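Please read the sequence and turn the structure in the viewer before going on. The report then moves from one chain to the contacts between chains and ends with single residues.

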Amino acid sequence: MDSFSSPSAGSSPKLSTDDLMGQLKVQLAQAYAEEFLETVRGKCFEKCITKPGSSLSGSESSCISRCVDRYIEATGIIGRALFNAQR
Amino acid sequence: MENSPEFQQLITQEREKAMVNEMIAKLTTVCWDKCITGTPGSKFSSSESSCLTNCAQRYMDMSLIIMKRFQNMQ
């Protein structure tokens, strides 16, 4: 997806501030999501898969689901704790 | 256009938001390790959730002490 490509043959039009900010926010959100997923993978593997077997057991799968939910919840708790502390 | 004050301010705002998100993400990994000691359940116990809150706030308290001490050494 190349938003910088020009539709015309002349000099490429500059992106508006809105376009640039829009792209920036999308990039930031994607980077943040990837980092978040990487963290959750690490934490939940650590918590739920103590002895890797030849396939994921039912309890390992449900542990992983709960772990993802709890980690997301923990992120919310931490976020609120930080902003309630600023009085 | 990229040098306009408006654009610079928008960039500054996004940088600040990114820094806040990074702080939250980092604190969550640290406090998860400290507070969620067993297997994750279908909800947090009250001691787990207060641990998480306390962890974040004590970390910020500590940050302030460290900064002040460091400044005293300058």
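Predicted model: local features only at pLDDT ≥ 70, side-chain atom pairs only at ≥ 80, totals over all residues.

Residues are numbered from 1 along each chain as its sequence is written, chains are lettered from A and ligands numbered from 1 in the order in which they are written, and side-chain values use heavy atoms, with hydrogens and water left out.

## Chain A by itself

The secondary structure of chain A consists of 2 helices and 0 strands, where helices (H or I, at least four residues) and strands (E, at least two) are DSSP runs numbered from the N terminus. Chain A has 87 residues, and 25% of them count as buried; here buried means under 20% relative accessible area, exposed means over 50%, and partly exposed lies in between, computed with a 1.4 Å probe on protein chains only. The accessible surface of chain A is about 6,000 Å², and 56% of that surface belongs to carbon and sulfur atoms; such areas come from the Shrake-Rupley method with a 1.4 Å probe, and for residues only the protein chains shown count as cover.

## Where chain A meets chain B

How many residues of chain A are in contact with chain B? There are 31 residues of chain A in contact with 34 residues of chain B, contact being defined as heavy atoms within 4.5 Å. The two chains, A and B, bury about 2,800 Å² between them, and 73% of this area is on carbon and sulfur atoms; buried area is the accessible area (1.4 Å probe) that two parts lose on being put together, summed over both. Lys47(A), Arg70(A) and Ile78(A) supply 22% of the area that chain A buries against chain B, which is more than any other three residues.

Across this interface of chain A and chain B the rule finds 9 residue pairs in polar contact, with both residues at pLDDT 80 or more. A polar contact is a pair of N or O atoms within 3.5 Å; within protein, one must be able to donate a hydrogen and the other to accept it, and residues adjacent in sequence count only if both atoms are side-chain atoms. On the side of chain A that touches chain B, the elements that give two or more residues are helix 1 (17–48) and helix 2 (58–84) of chain A, and helix 2 of chain A gives the most, with 14 residues. The residues of that side divide into 17 nonpolar, 5 polar and 9 charged, where Ala, Val, Leu, Ile, Met, Phe, Trp, Tyr, Cys and Pro count as nonpolar, Asp, Glu, Lys and Arg as charged, and the others, Gly among them, as polar.

## Salt bridges

Side chains of opposite charge can pair when their charged atoms come close. A salt bridge is a side-chain nitrogen of Lys or Arg within 4 Å of a carboxyl oxygen of Asp or Glu. The structure holds 6 salt bridges over all chains, and the rule finds 2 salt bridges across the interface of chain A and chain B. The table lists some of the pairs.

| Pair | Closest N to O distance |
|---|---|
| Glu38(A) and Arg41(A) | 2.8 Å |
| Lys43(A) and Asp33(B) | 2.8 Å |

Glu38(A) and Arg41(A) are 3 residues apart in helix 1 of chain A, so about one helical turn separates them; Glu38(A) is partly exposed, because its relative accessibility is 47%.

Glu73(A) and Arg70(A) are likewise 3 residues apart, in helix 2 of chain A, and so about one helical turn separates them. Glu73(A) counts as partly exposed at 31% relative accessibility, whereas Arg70(A) is buried, with a relative accessible area of 8%.

Is Lys43(A) buried or exposed? Lys43(A), which lies in helix 1 of chain A, counts as buried because its relative accessibility is 11%. Leaving out residues up to four places away in sequence, Lys43(A) touches Tyr71(A), Thr29(B), Trp32(B) and Asp33(B). Asp33(B), its salt-bridge partner, is partly exposed, with a relative accessible area of 42%.

Ile11(B) is found in helix 1 of chain B and counts as partly exposed at 22% relative accessibility. Apart from its neighbours within four places in sequence, Ile11(B) is in contact with Met21(A) and Leu24(A).
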